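Morning, everyone. Let's walk through one structure together. Have a look at it first.

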Amino acid sequence: MTGKVNREDILKELFNIGVGQAAGTLSEIIDKKIILDVPDVKILNVELGKAELDKFLSQVAEGAVMVSSISFDRQLEGTVSLIFPADKMHQFIDLCLHEDRGEEASMEFTDIDFDTVKEIGNIILNAIIGELSNTVNIPVEYTLPEVNVLNSAKADLFVSDEAYHLVLMMYITFNIEGTHIDGAIVINMTLKSLDDILNTIDKMYDGR
Amino acid sequence: MIDMDSFLPSILNCINEGIVILTEDLRVTYWNPVMEKLTDKKQDDVRNIRIEKALPYLDQNFFHNAVDRVIAGGTPVFFSAAMHRRMISDSHQVNLKMNRVAYNNGVAILLEFIDVTNQFYQISQLRDFVRQLSHLNSQLQQKEKVIEKLAYYDQLTGVANRALFDKFADKYLNLAKQSGLMLGLMFVDVNEFKTINDTYGHNTGDKVMTRVASLLTESTRKNDIVCRYGGDEFIVLMPEISTFNDYRKIVNQIDVNKKRHIVQDGYDISLSLSIGVSFYPDDGETIDELIEKADECMYADKHESRHG
């Protein structure tokens with residue numbers, strides 16, 4: 001169970017358990033059925049991670065994104081960013097808040113919008129990092145997510161240039177009442193942190 | 001040294017947001033004055049009771065799950081006022097931040113309620129302004145259309161007036177010069193229009209003029225400009241004519257209506273048109289020359305129809 005593909009499959013399974021719980025929580029809060037899915041997880045070096053993320057930013061988000069991100073330290077070190085295409089976010093927020101702004105949708109994001117995305121980000125990122133931390137039994141400490149809108153986002157903003165970092169790149173799809181939104185989650189962490197996680201996973205699954 | 005244990009309540013009392021501290025079993029141990037104001041509940045009334053009793057909205061699975069995560073892993077939690085409109089009352093919108101605080105050998109849960117009611121009010125006001133502006137904007141656009149209609153279109157017949165003709169004439173002439181294609185200019189006069197007015201009245205005469213405008217519009221192509229040039233005169237601009245066949249197609253359509261009887265207001269009226277045509281570059285280099293030439297031809301046609 002040491003093959004890279006299998007490790008990615010295990011991570012995919014872990015993250016899907018996490019986002020499944022997040023979907024349950026969000027559905028209860030917004031009182032609408034919401035389905036979240038992580039179809040793919042890739043472990044990439046910094047260079048490949050940036051190329052993959054730039055592809056997402058240009059194709060899906062066309063450069064403008066709304067980002068909810070947290071940094072964590074202690075035993076695991078890194079940052080995790082939940083990235084949404086900005087042009088879909090008014091509709092997404094409206095669906096969550098049972099509102100329909102119609103022609104006002106061209107308005108900039110308000111503090112209410114930012115707080116809504118902060119809560120959604122908190123639920124999803126908590127679920128993902130929480131599931132990872134619980135499974136490998138390594139405690140992680142972090143603060144509430146910061147939310148930003150970036151008009152011409154490039155991968156450099158999310159992926160550290162330091163050579164000893166790795167990137168966990170996954171896509172996340174949201175489906176609320178038939179409205180489909182593609183997002184991405186980028187976990188940029190030190191090689192040591194990811195090694196600790198993967199070694200623990202290897203031990204767990206080799207020993208079963 | 002300041003004794004922080006005795007000092008802490010005084011600090012929390014000064015903080016300008018709702019502060020609540022819960023024990024691990026979710027009982028209220030501290031409820032600051034801002035919280036009293038936000039909820040209308042005194043600390044003495046809620047002390048030692050479970051938070052869901054004090055704030056019934058929080059008696060939901062997602063809140064209990066979040067509390068479990070805060071206690072177990074220290075993961076911070078955020079609930080937004082937008083997604084939880086009635087978290088503490090109908091009149092105040094609050095965001096809630098929840099954190100684990102360690103003390104001695106146990107943990108407590110710190111709840112921070114941040115009042116964002118004013119933000120909601122301001123954003124709602126802003127949306128009202130945007131809605132009003134958007135409404136005003138669409139009214140202005142409608143008015144602009146009316147003004148344009150008045151400025152460029154003949155009020156009686158609805159076809160272009162001379163101002164629009166002048167605008168397009170120069171444009172089409174320049175295009176013809178650039179492309180090497182011909183520009184056709186047709187002068188149309190309604191014969192004996194004065195007699196129609198005198199016989200059937202001006203009201204019926206106006207309707208006849210409108211019908212002539214419609215006949216010309218229906219007979220021409222999409223980019224041709226039909227213009228009411230004077231009382232009973234029309235000019236049709238025909239751009240991008242590459243052969244005389246293009247022009248024949250248009251004129252054949254008009255010829256069908258050149259001499260006919262129409263029924264208007266119950267009267268059987270004999271309608272006849274005199275037509276003259278000129279072409280750039282064969283008949284002139286300027287619009288004035290083309291008009292003059294087409295006018296000459298039209299008079300020749302009129303003369304022929306009278307004496308032919």
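Where is the place of E177(A)? It is in the loop between β6 (165–176) and β7 (179–190) of chain A. Keep in mind that this is a predicted model. Now look at the backbone there. E177(A) has a positive phi of about 45°, although E177(A) is not a glycine. Most residues other than glycine have a negative phi, and most peptide bonds are trans. That brings me to chain B. The peptide bond from Y280(B) to P281(B) is cis, with omega near 10°. P281(B) sits in the loop between β10 (267–280) and α11 (287–307) of chain B.

Next, the sheets of chain B.

Start with an open sheet of five strands. Its order is β2-β1-β5-β4-β3 in chain B, and the pairing is antiparallel. Why is one side of β2(B) and of β3(B) left without a neighbour in the sheet? Because β2 (28–31) and β3 (77–79) of chain B stand at the edges, each with a single partner strand. On average, neighbouring strands of this sheet are turned by 20° against each other, direction ignored. A helix from the other chain packs on this sheet: α4 (residues 111–136) of chain A. Helix α4(A) touches β3 and β4 (94–103) of chain B. Its direction makes about 145° with that of β3(B).

Zoom in on one pair of strands. Strand β1 (residues 18–22) of chain B pairs with β2(B) over three bridges, in the antiparallel sense. Find L22(B): V28(B) in β2(B) stands opposite.

Now a second open sheet in chain B, again described by its strand order. Five strands run β7-β8-β6-β10-β9, with antiparallel pairing. At the edges are β7 (225–228) and β9 (259–264) of chain B, each pairing on one side only. From one strand to the next, the twist averages 30°. Inside this sheet, β6 (residues 182–190) and β8 (residues 233–241) of chain B pair over seven bridges, in the antiparallel sense. D189(B) stands opposite E233(B) in β8(B). Helix α7 (residues 162–179) of chain B packs on the sheet and touches β6, β7, β8 and β10 of chain B. The direction of α7(B) makes about 25° with that of β8(B). Helix α10 (residues 244–256) of chain B packs on the sheet too, touching β6, β8, β9 and β10 of chain B. For α10(B), the angle with the direction of β8(B) is about 150°.

On to the contact between the chains.

How many residues does each chain bring to it? Chain B gives 25 residues, and chain A gives 27 residues. Together the two chains bury about 2,400 Å², with 59% of it on carbon and sulfur atoms. Three residues, F78(B), M83(B) and R127(B), supply 31% of the area that chain B buries against chain A, more than any other three residues.

What about polar pairs? Nine residue pairs are in polar contact between chain B and chain A, both at pLDDT 80 or more. On chain B's side, α5 (61–73), β3, β4 and α6 (117–152) each supply at least two residues. The largest share, eight residues, comes from α6(B). By type, that side divides into 11 nonpolar, nine polar and five charged residues.

Last, charges. Side chains of opposite charge can pair when their charged atoms come close. Two salt bridges are counted between chain B and chain A. In one salt bridge, the side chains of E99(A) and R85(B) meet at 3.2 Å, N to O. Over all chains, the count comes to 16 salt bridges. E99(A) lies in the loop between α3 (86–97) and α4 of chain A, and R85(B) in the loop between β3 and β4 of chain B, so the pair joins two chains.

Notes
Residues numbered from 1 in each chain as written. Chains lettered and ligands numbered in written order. Predicted model: local features only at pLDDT ≥ 70, side-chain atom pairs only at ≥ 80, totals over all residues. Heavy atoms only, no water. Pairing = 2+ DSSP bridges. Helix = DSSP H or I, 4+ residues; strand = E, 2+ residues; numbered from the N terminus. Axes fitted to C-alpha atoms, helices over the stretch in contact; angles between N-to-C directions. Contact = heavy atoms within 4.5 Å. Buried area = accessible area lost by both parts, 1.4 Å probe. Salt bridge = Lys/Arg side-chain N within 4 Å of Asp/Glu carboxyl O. Polar contact = N/O pair within 3.5 Å; in protein donor to acceptor, adjacent residues only side chain to side chain. Nonpolar A, V, L, I, M, F, W, Y, C, P; charged D, E, K, R; others polar.
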